[in-house]
Amino acid sequence: MSTAMNFGTKSFQPRPPDKGSFPLDHLGECKSFKEKFMKCLHNNNFENALCRKESKEYLECRMERKLMLQEPLEKLGFGDLTSGKSEAKK
Amino acid sequence: MGGLWRPGWRCVPFCGWRWIHPGSPTRAAERVEPFLRPEWSGTGGAERGLRWLGTWKRCSLRARHPALQPPRRPKSSNPFTRAQEEERRRQNKTTLTYVAAVAVGMLGASYAAVPLYRLYCQTTGLGGSAVAGHASDKIENMVPVKDRIIKISFNADVHASLQWNFRPQQTEIYVVPGETALAFYRAKNPTDKPCFCFEEQRLNPQEEVDMPVFFYIDPEFAEDPRMIKVDLITLSYTFFEAKEGHKLPVPGYN
């Protein structure tokens, strides 16, 4: 990346993330969930697929504590986990 | 054999000659003829010739008088070709104006083409520009491509003037396209003065926060022929210091 003023080159237009940015968790309310997730990753050789349950729980924590806008988990790509849970409940 | 033919005084009155022989007609005719012949060089004939010359001269003088002359036209003196030349000149001027207008128009179009093309690329998504699709619907319906494992490595940078500790909490993570993933960065403000994040969230002195990154790789990635050999993606975040009303420099794109 160069910070020089290049008039000829195509300038990079930064795009904000689709859902915005997470508000800072100053009080560390969801820290325990994060720790669980990190531990899971370490144990599973950093494979995300095996730790999706923990990541879902972290996001749920955030939504509960108003650190994230409420959104159905299906829209966050956890459809398989939620349907599994609802099936288990039945 | 008609009547008498007396041409005398009628034919040559201006010469001052008078016909003084009213004799026989044949003889009168004989006498008339020499006077009427043009090569007659007697004084009467000369006078007549002079008068003729005089008239001709007067005509030409009238033509060259400046007060009566029409405005000067270049080259041709014939009025028909003059009009044609005028017409041709006018046509030339019109053509020149049109050509100049076209040239200027082309120049303007070449300048306008750059932003217009960029706009077109962004809306249609051609040329590799990112298109903002219906993200939430896509996420809901996307199916993970389980056989394509991609390694995501994380990088964290801060701007030289910023004194934060900013680092990822995991060095890498393995995902597949179509699967949402979570990752964490940690930022600590070791100084005693509060700083602003890039979204203007303040980090208090000695405060440390976890910053989650929630992302996914589009399932279309697996079908992209240009991405066949790609197995490593690096996510890099850089923190810049944001002052009040300070416009952040946009990094150059090579």
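**Entry 1: the cysteines of chain A**

I began with one cysteine pair and found A:Cys40 buried, and A:Cys51 as well; I take buried as under 20% relative accessible area, exposed as over 50% and partly exposed as in between, with a 1.4 Å probe and protein chains only. A note to myself before going on: this is a predicted model, where local features need pLDDT of at least 70, side-chain atom pairs count only at pLDDT 80 or more, and totals for chains, interfaces and linings use all residues. Residues are numbered from 1 along each chain as its sequence is written, chains are lettered from A and ligands numbered from 1 in the order in which they are written, and side-chain values use heavy atoms, with hydrogens and water left out.

How buried are the two? I read a relative accessible area of 11% for A:Cys40 and 0% for A:Cys51.

Next I looked up the bonds, calling a disulfide any pair of cysteine sulfur atoms within 2.5 Å. That rule gives me 2 disulfides over all chains. UniProt lists one between A:Cys30 and A:Cys61, and the model agrees, because their sulfur atoms are 1.9 Å apart. This pair ties distant parts of the chain, 31 residues apart: A:Cys30 sits in the segment before α1 (31-43) of chain A, and A:Cys61 in helix α2 (residues 52-64). Helices here are DSSP runs of H or I with at least four residues, strands are runs of E with at least two, and both are numbered from the N terminus. I found A:Cys30 and A:Cys61 both buried.

The UniProt disulfide A:Cys40 to A:Cys51 is also formed in these coordinates, at 2.0 Å S to S. Here A:Cys40 belongs to helix α1 of chain A and A:Cys51 to the loop between α1 and α2, 11 residues apart. I keep in mind that UniProt positions are given in the numbering used here, with feature names shortened, and that annotations may be inferred rather than shown by experiment.

Which hand do the links have? The A:Cys30 and A:Cys61 link is left-handed, with -95° about the S-S bond. For A:Cys40 and A:Cys51 the torsion is about -95°, so this disulfide is left-handed. With the bonded cysteines of chain A numbered in sequence order, I noted the pairing as 1-4, 2-3.

**Entry 2: helix α2 of chain A**

I checked the length of α2(A): its 13 residues reach 18 Å from first C-alpha to last, close to the 18 Å expected at 1.5 Å a residue, the expected span being 1.5 Å times one less than the number of residues. Its buried residues include A:Arg52, A:Tyr58, A:Leu59 and A:Cys61. After the helix comes A:Lys66, with a positive phi near 60°.

**Entry 3: chain B and its rings**

I counted 5 helices and 8 strands in chain B. Of its 254 residues, 24% are buried.

Then I turned to aromatic pairs: rings of Phe, Tyr and Trp (its six-membered ring) with centres within 6.5 Å, stacked with planes under 30 degrees apart, edge-to-face over 60 and tilted for the rest. There are 10 such pairs over all chains. B:Tyr117 and B:Tyr120 have ring centres 6.4 Å apart and planes at 35°, so I logged them as tilted. Both lie in helix α4 (residues 79-124) of chain B, 3 residues apart, about one turn of the helix. B:Tyr117 is exposed at 54%, and B:Tyr120 is partly exposed at 42%.

B:Phe166 and B:Tyr185 are stacked, at 5.2 Å centre to centre and 15° between the planes. They bring together strands β2 (residues 165-168) and β4 (residues 180-188) of chain B, and both residues are buried.
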